[in-house]
Amino acid sequence: MAASAQRARPAWIGLWPILPALLFLGFLFLYPVAQLLWLSALDKASGDLTSAHYVRLFASPLYVKVLRITFEIAGWTTVFVILGAYPVAYYLATSSERRRNALMLWVLLPFWTSFLVRTFAWIVLLGRNGAINKWLQALGITGEPLDLIYNFTGVMIGMTHALMPLAVMTMVSVMENIDANLPRAASTLGARGGQAFWRIYFPLSLPGVAAAGLLVFITALGFFITPALLGGRLETMITQVIITQIQTMMNWAFGGAVSMLLLVAALIVFYLYDRALGMSTLAGSAAASQGEGRPNPVARLGAWAGGHVLDLLGRICDTVAGAWERVFPARPDRPRADRSRMVLTAVVALVIFFLAAPTFFIVPVSFTTDAFIEWPPKFFTLRWYQAYLDSPTWMSATVRSLMVATVAAFLAMLVGAPAAFILARRSMAGKTAAMALILSPLIIPRIIIAIALFYFYARLGLVGSSLGLVLGHAVIAVPYVVVTVMAVLKTYDERLDQAAGSLGANRVQTLWHITIPLIRTGLIAAFLFAFITSFDELTIALFVSGGLATTLPKQMWDDSLLKVNPTLAAVSTMLLVFVTALILSAEYLRRRAAAR
Amino acid sequence: MTPNATAKLIVKDLRKTYGPVVALTDASIEVREGEFLTLLGPSGSGKTTMLMVIAGLVQPDSGEVWIDGKLATYAPSFKRDLGMVFQNYALFPHMTVAENIAFPLRMRRLGQADIAREVKRVLDIVRLPHVADRLPRALSGGQQQRIALARCIVYGPSIILMDEPLGALDKKLRDEMQLEIKRLHTELGITVLYVTHDQEEAMVMSDRICLMNDARIEQLGTPADLYFRPRTLFAAGFLGESNILDATVTAVENGRAVLRLAVGDDALVRAVARDGVKPGQSVKLMVRPECLTVLGQGERAENEIQAGLKDVIMVGGITKHYARLPDGKEVVAANLTRGPVAQAAAGEALRLGWSADSSVLLV
């Protein structure tokens with residue numbers, strides 16, 4: 001007895017809560033993906049190793065071209081997203097907490113609104129008979145309707161809109177950690193606004209820009225909804241090719257080879273990013289410069305050149321400001337109006353309008369008496385809602401989506417939350433690797449997970465089953481849960497648990513009476529994230545449902561491929577209301593918890 | 001209209017509100033060239049607001065700020081030519097120490113050679129010549145503090161503002177840095193406006209202290225003024241320990257006020273009069289513990305009062321007698337410990353005495 005009380009338990013025994021997450025992802029994510037990639041190197045008939053699929057891939061100018069287009073679209077999307085998101089993130093990070101939370105809601109709302117719904121909204125706005133063309137003609141700005149859709153412009157607008165919230169959130173998390181005293185210090189030291197921004201604030205915010213750029217680029221690489229619905233033939237992206245190869249041609253090995261190409265492209269981008277900036281910047285940790293001095297001559301040269309570019313930018317800004325001042329001299333006895341802030345506010349208002357407003361155009365269209373989507377809608381009928389409610393297909397899809405999302409969210413919580421505890425609080429060997437595995441479903445293009453699961457399920461007989469959907473959705477929801485719960489635990493004072501322990505509570509009692517009540521809102525938020533992730537998920541559903549057990553997004557997608565019709569607008573409106581209600585209640589819970 | 005030219009900084013009738021909250025009002029001070037003036041007060045007293053307004057980082061609702069004879073009330077901070085040391089130092093984390101110090105010179109378009117020379121010069125002044133190529137995070141708190149100072153003095157601003165610069169340091173380092181800042185102040189002849197909530201720090205460092213409370217200036221004067229001639233209850237209580245007695249003025253003669261204490265045997269006591277006190281007025285009488293003495297047999301003092309001993313505590317060189325007055329109020333006398341004397345017992349009656357000069361009237 002005495003001996004066993006004195007012997008310390010091996011450290012790894014305490015790490016068991018992370019095991020379910022690792023096993024779950026290992027079995028349902030790592031293994032299927034590895035198998036898919038293996039398959040791409042096998043000959044279908046003989047089962048021997050072959051490079052035939054890859055040779056075919058690179059021999060055909062078509063696929064090389066698709067790959068080039070994919071990179072171009074992803075690259076331009078990243079540029080536009082960063083340009084639009086930076087001012088918003090800057091404004092949010094430098095505003096009072098109250099205003100930040102209020103505005104963040106308008107950024108989050110589109111983030112959680114289905115890609116499909118948002119894409120439909122753009123069809124309403126950009127189409128030849130869409131709202132924007134009608135307005136331009138009514139105002140006499142253009143005679144002919146402009147081609148805003150089914151081309152590069154349409155894809156850019158749709159993808160920029162789709163990915164900007166992600167960039168804003170990533171950048172805000174870095175910018176929030178920039179000490180507000182630094183620009184002030186620069187100002188007291190004699191720097192005008194331009195120099196203070198470009199030499200001090202901007203370099204410190206670069207890790208956020210890089211992280212946002214990376215996430216946007218990688219996510220954009222795997223897009224197919226927006227290019228399929230808003231693009232033309234010239235905007236075919238690689239994911240669309242994969243879907244065609246597998247769904248229409250049933251060519252598994254070749255589809256696998258194309259997926260491999262996508263995966264390798266993503267990994268190369270990650271590798272370059274890691275070499276340049278380090279992965280840790282992804283998690284929002286501060287400035288990039290490491291340790292003492294600067295490491296190598298190349299970086300030194302880069303820093304030197306960068307410094308001069310920033311100096312130049314600062315001088316340009318200050319010259320403009322100086323010229324303005326000569327025309328309208330500032331008086332030391334009159335309050336200053338902060339003109340740059342006013343310009344910024346105007347820009348931010350425009351971008352947030354661009355983010356939040358379009359989605360609502362779907363609402364009036366759902367009441368149109370026309371049989372197709374046109375602007376302005378002719379009011380008023382509820383028959384599209386009636387059609388939705390009367391359709392057994394739509395109803396069963398809705399019920400299945402709700403059910404799958406609920407179960408998948410619970411499963412993701414069960415697997416992810418304990419892992420988050422370990423990752424947030426314990427040191428362990430291979431923590432980085434464990435974190436990488438847990439986050440990788442977020443980072444690997446989702447289409448790869450979807451195909452891998454499809455192939456894996458095909459042999460287990462899980463295709464078309466709700467269980468298969470639940471497991472698949474849980475795979476992509478786990479990272480959200482882990483990240484959210486870790487963020488909550490970061491602000492949790494662990495001494496409270498130690499205090500409970502010293503007062504005689506055992507681990508379970510401490511968890512139940514102290515920890516969980518205190519982080520409850522964080523857990524609810526994590527659950528909601530997981531729920532919405534699954535509820536809105538299309539890619540995995542597209543493959544795993546096998547055309548039988550369809551979910552709501554899958555049904556919407558199938559319908560939209562035939563014709564974007566007012567029923568879709570009605571379904572989208574209901575989705576919009578539902579998700580908005582969820583977000584608002586999560587926000588309400590958060591505020592109530594914060595007020596306490 | 002241009003006020004007194006020898007004043008480096010003049011603040012007139014500043015007022016700043018945030019919605020319904022008044023952060024600063026009726027604030028007027030003058031800082032003379034080479035002076036070390038401290039804004040002292042509890043948090044929320046308006047001292048940081050005043051500093052921010054002077055730095056140009058917050059715009060006041062009304063009032064004026066004159067720096068070096070120039071009106072600067074609403075001038076942007078980069079045009080004010082002042083230096084500011086922030087509580088968390090605000091060193092730029094992505095620049096080396098040398099780059100940090102060079103920053104204000106670069107903003108002033110100095111040549112490379114001049115910059116290098118100046119950086120070296122101030123690093124020598126703060127005695128850290130070897131850290132030029134390090135990043136700020138590789139320095140200790142005290143070193144970062146010195147670099148923040150160096151970054152300020154390198155361009156010779158007309159006045160240096162310091163916002164609780166020692167707040168993040170531990171006690172020992174704080175004492176060391178107090179002396180270091182004092183040394184720089186005297187050696188370089190710089191003008192400093194300093195903010196702190198630590199009364200001891202303010203006493204150690206300042207030529208004058210501006211005591212602030214509740215968004216207003218409570219009292220402005222030398223440390224000795226504030227300590228021995230506080231004008232309000234708040235001032236008396238914020239700096240050091242104090243004994244407060246209620247009294248009524250019976251007469252005013254030759255600069256002395258004659259008072260009847262509210263407690264005790266109707267004894268009359270004398271105190272330094274202050275302007276405007278009239279017979280019949282009720283006032284507070286403040287005596288510092290070290291000015292109260294326990295009177296022995298046959299000893300007399302200008303003012304005396306009877307009390308019952310409650311407790312005696314020896315704190316090294318100082319012995320404190322805690323006594324209770326007949327109305328239950330407690331007073332404390334703190335005197336130098338004079339050898340191991342027989343302890344007086346609790347409840348024992350004793351007489352406390354003090355001089356009229358050490359009695360201060362508060363209104």
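Tutor: Two residues are in contact if their C-beta atoms, placed from the backbone, lie within 7 Å. Please also keep in mind that this is a predicted model.

Student: Understood. Leaving aside its neighbours within four places in sequence, which residues is B:Leu24 in contact with?

Tutor: Under that condition, the contacts of B:Leu24 are B:Leu14, B:Arg15, B:Lys16, B:Gly46, B:Thr49, B:Met50 and B:Ala215.

Student: Where is B:Leu24 found?

Tutor: B:Leu24 lies in strand 2 of chain B, which covers residues 21-32.

Student: And is B:Leu24 buried or exposed?

Tutor: B:Leu24 is buried, because 27 other C-beta atoms lie within 10 Å, and a residue counts as buried at 20 or more.

Student: What separates the C-alpha atoms of B:Leu24 and B:Asp214?

Tutor: Their C-alpha atoms are separated by 8.0 Å, although the two residues are 190 residues apart along the chain.

Student: Let us turn to chain B as a whole. How many helices and strands does chain B have?

Tutor: Chain B has eight helices and 20 strands. Its C-alpha trace spans about 80 × 50 × 35 Å along the principal axes. Of the 363 residues in chain B, 37% are buried.

Student: What share of contacts in chain B between residues at least 6 apart in sequence join residues at least 24 apart?

Tutor: The share is 65% of those contacts.

Student: Over how many bridges do strand 16 and strand 17 of chain B pair?

Tutor: Strand 16 (residues 303-315) and strand 17 (residues 318-324) of chain B pair over seven bridges, in the antiparallel sense. As one position to look at, B:Leu309 stands opposite B:Ala323 in strand 17 of chain B.

Student: One last topic, chain A. Where is the place of A:Phe24?

Tutor: A:Phe24 belongs to helix 2 (residues 19-39) of chain A.

Student: Why is A:Phe24 called buried?

Tutor: A:Phe24 is called buried because it has 21 other C-beta atoms within 10 Å. The C-alpha atoms of A:Phe24 and A:Pro479 are separated by 12 Å, and these residues are 455 residues apart along the chain.

Key:
Residues are numbered from 1 along each chain as its sequence is written. Chains are lettered from A and ligands numbered from 1 in the order in which they are written. This is a predicted model: local features need pLDDT of at least 70, side-chain atom pairs count only at pLDDT 80 or more; totals for chains, interfaces and linings use all residues. Helices (H or I, at least four residues) and strands (E, at least two) are DSSP runs, numbered from the N terminus. A residue is buried if 20 or more other C-beta atoms lie within 10 Å of its own, exposed if 12 or fewer, and partly exposed in between; C-beta atoms are placed from the backbone. Two strands pair if DSSP finds at least two bridges between them.
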